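Colleague: I would like to learn how to read the features of a protein model. Could you take me through them one at a time?

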Amino acid sequence: MTIPREVREISSGVYWVGVRDWERKFFDKLVPLPEGTTYNSYLIQGEDKTALVDTVNPGFEKDLEEKVKQVTDPESLDYLIMNHAEPDHANGLSHMASLAKDAEILATEKGKEMALSLYDLPEDRVRIVEEGDIIDLGGKTLEFIDAPWLHWPETMFTYFQEERVLFSCDFFGAHIATPKIFADEFGEGYIERAKDYFGEIMMPFRPRAKRALEKLESYEVSTIAPSHGVIYRNPEGILAAHRSWTSSEVAEKVLIPYISMWGSTAEMVHVLTESIAAAGVDAVPFEVSSQSLDTLAGELVDSAGVVFGTPTVLAGPHPQIIYIATLAKKLNPPTKYFGVVESHGWAGGAVRELSELVEGMTGELLGAVEVKGSPEDDDLERVVELGGKFVEEIK
Ligand code: FEO
């Protein structure tokens, strides 16, 4: 039986042959995927030659093969282009190379080294391409653009000159499995998805991402075809969003990741949230045991302030807050100001440990409120004062 599979021509001679992974729940056992994800692969057919840009996650190789077959014989592929060596895009190379026995595998120098260490590939068929190198498919020209550290050291972009399509692999991506192929079919929510993704994957490499965007200014780009999520055939919106996310611009917003054991920390967080919001600054409480980390990463992309709310337990911050603060530090957000609200039964300790944890991040510690027992009026006054400091600095 032949199962019909969706293949879409997204630009003249360019076919989406990617797959949707509706069931995947985590990426790297770290990033939650509430809406699954996609592994976008693209077939480009010239008058003389055919290239496949990126492949698919382990387990989807046959789906990719069947989709390619709907356009051409997989044995006839001339080039397998590897923009990125991570298995969600490169694992399918071995399978496709075993079908297309004459195809060359094209990658950066670092990409070749990584691909050979990760996959069973014939070394003599892996060719290194450099910045500005082109391949001619017959009326269709592909150019390679170095774009390292987005988000591994070997990453590159492939640019289809005649149709001005940029194949950007992870960059500009979003973790969404959706029946929609294009961002304009998906609707406005695509920017929020892309923002969460940027926070999770690209924010630690903001200077590299900024450099890549500056490099792209010398290219006319009509379509951005990433390897996760939707395709942008009107890319100005997603480009502008990335310009903002890679700058140090922040919104008038305070993110408040917190956890509460017996309600005291929660009470302080509620007072803090209300007092900041009453002054006209966005306050976003984020209860860490019940909310998804992808949203946290997205909020970190443009929050001017972050206040951690935690009880002292086991002589320090709650372990879930230690995790969140550690993760936040590693994601390298452009946060300008930090704070802590803490409650304890007999002895504190969380503020000192959290202060040490956030040391080295871009922002300064504006203040901390420590409370013994249930918060009294004077304790909540100090919380309001802390909120006032954030408002004064941020507005
Ligand atoms: Fe989508 Fe870095 O892999």
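Colleague: How many residue pairs are in polar contact between domain 1 and domain 2?

Modeller: This is a predicted model, and the count between domain 1 and domain 2 is two residue pairs in polar contact, both at pLDDT 80 or more.

Colleague: What area is buried between domain 1 and domain 2?

Modeller: About 1,200 Å², and carbon and sulfur atoms give 60% of that area. In domain 1, the residues that lose the most area to domain 2 are Lys-195, Met-203 and Arg-206, which together make up 40% of what that side buries.

Colleague: How many salt bridges does the rule find across the interface of domain 1 and domain 2?

Modeller: The rule finds one across that interface. As for Lys-195, its side chain meets that of Asp-302 in a salt bridge, at 2.9 Å from N to O. The overall count by this rule comes to 21 salt bridges.

Colleague: What is the N to O distance in the salt bridge of Glu-65 and Lys-62?

Modeller: The distance is 3.1 Å, between the side chains of these two residues. Glu-65 and Lys-62 are separated by about one helical turn because they are three residues apart in helix H1 (residues 61-69).

Colleague: How is a pair of aromatic rings described?

Modeller: Two values are used: the distance of the centres and the angle of the planes. A search of the whole structure finds nine aromatic pairs. One of them is formed by Tyr-42 and Phe-167, with 5.2 Å centre to centre and 50° between the planes, and this pair is tilted. The pair links distant parts of the chain: Tyr-42 is in strand S7 (residues 42-45) and Phe-167 is in strand S15 (residues 165-169), 125 residues apart.

Colleague: What should I know about the backbone before I look at single residues?

Modeller: Most peptide bonds are trans, and most residues other than glycine have a negative phi.

Colleague: Is the peptide bond from Leu-150 to His-151 cis or trans?

Modeller: That bond is cis, with omega near 10°. His-151 lies in the loop between strand S13 (141-146) and strand S14 (156-160).

Colleague: Is the phi of Trp-149 positive or negative?

Modeller: Trp-149 has a positive phi of about 65°, although this residue is not a glycine. Trp-149 lies in the loop between S13 and S14.

Methods
Residues numbered from 1 in each chain as written. Predicted model: local features only at pLDDT ≥ 70, side-chain atom pairs only at ≥ 80, totals over all residues. Heavy atoms only, no water. Buried area = accessible area lost by both parts, 1.4 Å probe. Salt bridge = Lys/Arg side-chain N within 4 Å of Asp/Glu carboxyl O. Polar contact = N/O pair within 3.5 Å; in protein donor to acceptor, adjacent residues only side chain to side chain. Phe/Tyr/Trp six-rings, centres within 6.5 Å; stacked < 30°, edge-to-face > 60°. Helix = DSSP H or I, 4+ residues; strand = E, 2+ residues; numbered from the N terminus.
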